Amino acid sequence: MKPLVLNRRDVLRLGGVTALGGALGGSLVACSSAGPQLQYMFWGSTAEQEAVESMLASFEGTLDGELTVEPLYTPDDYDTKLNALVASNRMPDVAYISNGMAYRLAEQGKLLDLSPYFEDHPGIGGRLPEAYNFWSETQTFGTPAALEIMCLFTNKAAFSEAGVELPPVTAADAWSWDDFVDAAYRLTVDQSGRRPDEDGFDTTQVARFGTLANMWSAAWYGLLLSNGVDVVDASGTTTQLNSPEAVAVLQNLVDLMHEHRVAPSPTQLGNNAPSTPAQLASNRLAMAIDGQWALLDISKSDFDYGIGVLPSYGTPMTASMGGAIGISAETEHLEEALALYVHQSDPTVVGLFGEGLWMPVEEKYYTDEELIATWTDNEVHPQEYRTAVVDYTMSSSKRYFAETMRNYEAIDKIISPALERVQTGEEEVQAVMDEIAAELNDGVLQGFYPNPLV
Amino acid sequence: MSAATQSRPARGLRVSRGVMFLVLALGALAMLAPFAWLIRSALMTDAQIFINPPQWFPNPVAWENFPDALTAQPFARYFLNTMIIEAVVVTGTVLTCSLTAFSFARLRWRGRNLVFGVLLTGVMLPYAVTLIPTFVGWAALGALDTFIPLTVPAWFAGAGGGVFNIFLFRQFFLTIPYEMDEAAYIDGANPWQVFISIVMPLSKPVIVVVVIFTFIGVWNDFLGPLLYLSSSENFTLALGLATFQSAYTAQWGLLMAASLVVILPIVLLFFVLQRYFVEGVTLTGIKG
Amino acid sequence: MSGVSAEAAPNGAGRRGRRGNTGRAEARWGVLFAMPAILGFVIFTIGPMIASFILSLTDWTVGGTPAFIGIDNYVALTQDKLFWKSLGVTTYYTLAAVPLALLVGFVVALLVNAGWRLQSLWRTVYYLPTLVPAVASAVLWIWIFNPDSGLFNSVLRAVGLPTSNWIYSESTAVPSLIIMSTWGFGNAMVIFLAGLQGVPRQLYEAVALDGGGAWSKFRHVTLPFMTPVIFYNLVTGVIGTFQVFNQAYIMTSGGPNNATLFYIYYLYTKAFTDSEMGYASALAWVLFVIVLVITALLFRNARSWVYYETGDTR
């Protein structure tokens with residue numbers, strides 16, 4: 001009989017625990033149904049979370065009445081949650097949205113058209129023309145909260161050690177591709193001190209690589225444009241990725257790894273490799289093309305860093321980009337949502353601009369000296385930032401095609417595997433590009449979304 | 001090579017037992033590798049973690065990862081939330097899944113096997129496509145941002161993934177000789193009494209398995225809490241961990257440090273509970 | 001469904017024929033006890049299943065309005081080369097990973113159950129890899145697979161064998177992930193471990209008295225008594241492995257060149273990156289049918305080799 005008694009007592013005990021759990025759960029139901037809320041959904045690192053939450057708190061301070069701001073921090077599986085919220089008609093008032101989904105939601109009428117508010121809200125209407133996401137000739141869901149461009153980061157110590165001049169910091173003086181390769185040669189060194197062009201250079205024992213062959217399309221988009229071609233031709237339905245100009249750019253990148261051996265191959269690097277900032281900081285890497293946002297991590301590492309402009313094939317060019325943010329078309333707090341939309345991109349309120357993660361979207365922060373200083377005049381932004389990033393953005397940037405092309409998700413499913421094939425160095429770039437061109441031209445390419453402001 | 005035989009190894013067996021021990025020890029070394037890797041990574045800066053070829057010993061030791069990681073989020077609160085969910089889910093799962101399995105394994109009723117088969121189909125459809133309908137349902141009930149969607153299904157034999165537990169209990173219950181039930185029925189017991197006083201006491205090993213799996217499942221569940229909880233004061237440990245590796249950035253040192261702290265309780269839980277695997281339920285002995 | 005129910009749980013009670021009218025009472029108790037699961041299925045599972053099936057007959061993109069398009073999604077599937085690719089990759093992976101995990105889990109369970117001193121410690125150590133978070137061990141595996149400086153190639157080079165590009169080459173990516181998957185034997189091991197406790201010691205003694213050695217104890221006692229548990233691990237292994245997702249998500253993002261595009265990974269991107277929920281639902285139902293058929297066959301086949309104590313006493 002003993003086991004029976006024991007088990008009964010256990011059952012009772014468990015029941016008690018359950019009741020407790022239920023009670024606690026119930027109390028949580030109660031406290032979550034507070035007054036009216038303005039919901040703001042976002043992703044990001046813990047640092048970004050902190051910055052955004054304090055931005056929201058400062059915004060809440062400007063509101064009167066009982067409206068509160070509810071941060072919905074969603075670190076991962078963001079699309080999954082947002083899809084679920086949209087499907088249940090609970091789209092947050094303001095939300096980060098991945099680009100493809102943003103256009104889709106906009107076309108379905110779920111995102112607010114901001115063009116009617118351009119005049120009354122200079123903070124919305126006065127942004128960099130390139131930054132706007134239009135889903136039709138007249139309708140836009142606005143811009144990213146912050147802008148980014150691709151730039152060339154350097155570890156200055158590596159350059160002085162190798163006796164190589166730092167890369168140019170103005171678009172007009174940009175290196176040619178050959179200058180870039182030449183510098184990379186002199187910056188690469190194996191563990192016995194040999195250069196890639198010296199006898200006995202050991203590719204498996206490289207102490208420092210000159211650069212990284214960043215095959216991410218955002219990194220080579222600027223180079224492609226610089227060489228005179230875009231991903232598609234003027235019609236928007238025929239790709240130029242298999243044009244001689246595009247193939248040359250991609251071939252040059254592949255050659256960095258396999259021909260010149262000044263950049264680690266994908267197998268040397270491995271997936272989930274250390275971030276570029278970490279590699280630069282540890283002097284494993286002398287220079288790399290990466291997004292401006294890397295400045296935040298770089299500035300926190302203890303090394304002497306610099307910024308330059310990308311090498312050029314003729315016309316200096318780089319890609320600009322930013323994650324979309326939209327206002328729900330069904331928001332019940334329109335004026336507050338619009339105000340928050342401006343507030344979130346104000347460098348004087350949000351610390352992430354001064355800390356190097358973000359660049360402003362309002363044009364005046366690139367043209368007015370005093371305003372430029374508000375976010376660049378600090379320890380984080382090196383002196384050359386003014387020309388290498390601020391002016392470079394104004395003079396030489398074009399929006400990353402992934403953020404402006406129709407049907408991009410389908411396009412990416414074709415381009416990304418092709419780039420993986422190309423970067424092994426085992427397949428002809430031209431052949432692979434011809435192969436995917438046939439696929440892309442077969443109805444996958446549907447042109448760019450219009451941007452009447454550009 | 002049978003394992004359960006060695007109470008008094010014969011001379012010939014002693015050699016093979018030595019070999020077995022060698023295998024056991026070498027295997028253990030390999031098993032410890034990922035854990036050792038986790039520990040060393042938890043004590044490194046992001047740059048150190050990825051140095052190639054890798055270093056096994058951090059230098060300098062980044063002790064600050066631990067305070068940095070554990071103060072980055074209100075982990076005490078997350079721990080409390082997780083434990084509340086654990087308490088409700090683990091008890092609900094064990095009680096209702098075992099009871100259901102008892103019915104499937106030891107009671108006879110028409111359509112029983114068909115019902116079991118239908119239940120099993122619940123885990124064959126990828127959750128990715130049932131996720132939104134389920135979410136819409138809970139939203140309609142006003143249960144978002146509460147623990148209800150994360151806990152209540154557990155009291156209905158786990159609903160969905162819980163079917164695996166029913167199946168597991170069933171398989172174990174089927175290995176217990178039926179004579180024991182029969183004797184109890186003859187003495188006038190009802191099925192509930194047979195379940196609670198005969199079958200369950202004989203099933204400690206499988207109960208422990210289900211407790212361990214369910215506990216770990218809740219502990220590591222990321223998607224459920226992510227979907228249903230929105231206020232950060234309701235977050236669980238798994239959500240807290242994910243903040244170190246969000247969409248575009250990873251703070252590896254902090255992630256590893258926090259992961260290490262977060263898995264310690266489940267390592268301890270396993271260490272404590274696995275002793276029920278040695279209680280050697282010698283069924284025929286009980287019968288005799 | 002008929003297949004699934006074919007592996008009728010052997011029913012000692014039924015065959016032995018209970019006294020008089022207790023049968024009806026037993027059935028009442030049976031249905032009552034099964035109620036939590038039946039209710040759970042009706043409340044939480046069947047609705048979303050039906051919803052997803054209906055959605056599979058529409059062109060629904062999340063946020064839009066679904067339009068009924070009949071079986072168009074299923075027709076489109078047959079033309080989708082990524083569907084075929086992912087189905088092939090997943091089948092290949094399942095065929096290798098499931099038996100391997102079963103075998104390793106069983107052997108390790110026997111090994112750690114052999115009455116060692118500090119038994120608790122050994123068992124916990126062998127379960128540790130299962131507890132280490134996937135992202136943490138992924139970083140380790142990425143180093144192990146590194147073609148230049150990784151553990152595997154270093155060892156191969158040292159003994160003079162040819163090296164491999166592991167997860168970085170199309171032909172070896174899936175085998176590499178299969179090797180990695182054996183590290184996840186812990187859960188199977190735990191279940192086997194629990195199962196081993198139910199093997200009656202007396203039967204070993206009986207075999208010993210008949211002059212049987214270790215092998216015959218294993219073959220005639222351990223193995224038959226473990227068949228219900230082996231069967232469990234097989235069925236759940238198949239169901240679970242067809243839905244493998246994490247390895248592609250964390251280690252390879254489906255690459256290189258879609259070599260590790262697991263079915264659920266593909267489905268997941270369709271459902272949540274592209275929001276094409278109608279198409280994703282069709283993908284899901286195709287997998288459902290495949291897994292259902294395999295499971296049904298396993299249950300049917302089980303009657304010939306799974307040994308249940310309740311059905312074979314006296």
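The following dialogue goes through the interfaces of this predicted model.

Biologist: How many residues does chain B give to its contact with chain C?

Modeller: Contact here is a matter of heavy atoms within 4.5 Å, so a residue counts when it reaches the other chain at that distance. By that rule chain C brings 110 residues to the contact, and the number from chain B is 114.

Biologist: What area is buried between chain B and chain C?

Modeller: The size of an interface is often given as the accessible area lost when the parts come together. For chain B and chain C, carbon and sulfur atoms make up 76% of that area, and the total is about 10,000 Å². In chain B, the residues that lose the most area to chain C are B:Met31, B:Arg108 and B:Met124, which together make 8% of what that side buries. The area asked for, then, is about 10,000 Å².

Biologist: Which helix gives the largest share of the side of chain B that touches chain C?

Modeller: Between these two chains there are zero salt bridges, while 13 residue pairs, both at pLDDT 80 or more, are in polar contact. By class, the chain B side has 82 nonpolar, 25 polar and seven charged residues. The largest share of that side, 16 residues, comes from residues 11-42 of chain B, which form helix 1.

Biologist: Turning to chain A and chain C, which residue of chain C forms a salt bridge with A:Lys413?

Modeller: The contact between chain A and chain C takes 25 residues from chain A and 32 residues from chain C, and the count of salt bridges between them is two. In one of these, the closest N and O atoms are 2.6 Å apart, which is within the 4 Å cut-off, so A:Lys413 is paired with C:Asp274.

Biologist: How many charged residues are on the side of chain A that touches chain C?

Modeller: Eleven residue pairs between chain A and chain C, both at pLDDT 80 or more, are in polar contact. The elements giving two or more residues to the chain A side include helix 3 (78-87) and helix 18 (408-423). By class, that side has six nonpolar and nine polar residues, and its charged residues number ten.

Biologist: Within chain A, what distance separates the centres of domain 1 and domain 2?

Modeller: Domain 1 covers 37-147 + 322-345, and domain 2 covers 149-320 + 401-444. Eight residues of domain 1 are in contact with four residues of domain 2, and the side chains of A:Glu107 and A:Arg406 meet in a salt bridge. Taken over C-alpha atoms, the distance between the two centres is 32 Å.

Terms used
Residues are numbered from 1 along each chain as its sequence is written. Chains are lettered from A and ligands numbered from 1 in the order in which they are written. This is a predicted model: local features need pLDDT of at least 70, side-chain atom pairs count only at pLDDT 80 or more; totals for chains, interfaces and linings use all residues. Side-chain values use heavy atoms; hydrogens and water are left out. A polar contact is a pair of N or O atoms within 3.5 Å; within protein, one must be able to donate a hydrogen and the other to accept it, and residues adjacent in sequence count only if both atoms are side-chain atoms. Helices (H or I, at least four residues) and strands (E, at least two) are DSSP runs, numbered from the N terminus. Ala, Val, Leu, Ile, Met, Phe, Trp, Tyr, Cys and Pro count as nonpolar, Asp, Glu, Lys and Arg as charged, and the others, Gly among them, as polar. Buried area is the accessible area (1.4 Å probe) that two parts lose on being put together, summed over both. Domain bounds come from an automatic or database domain assignment.
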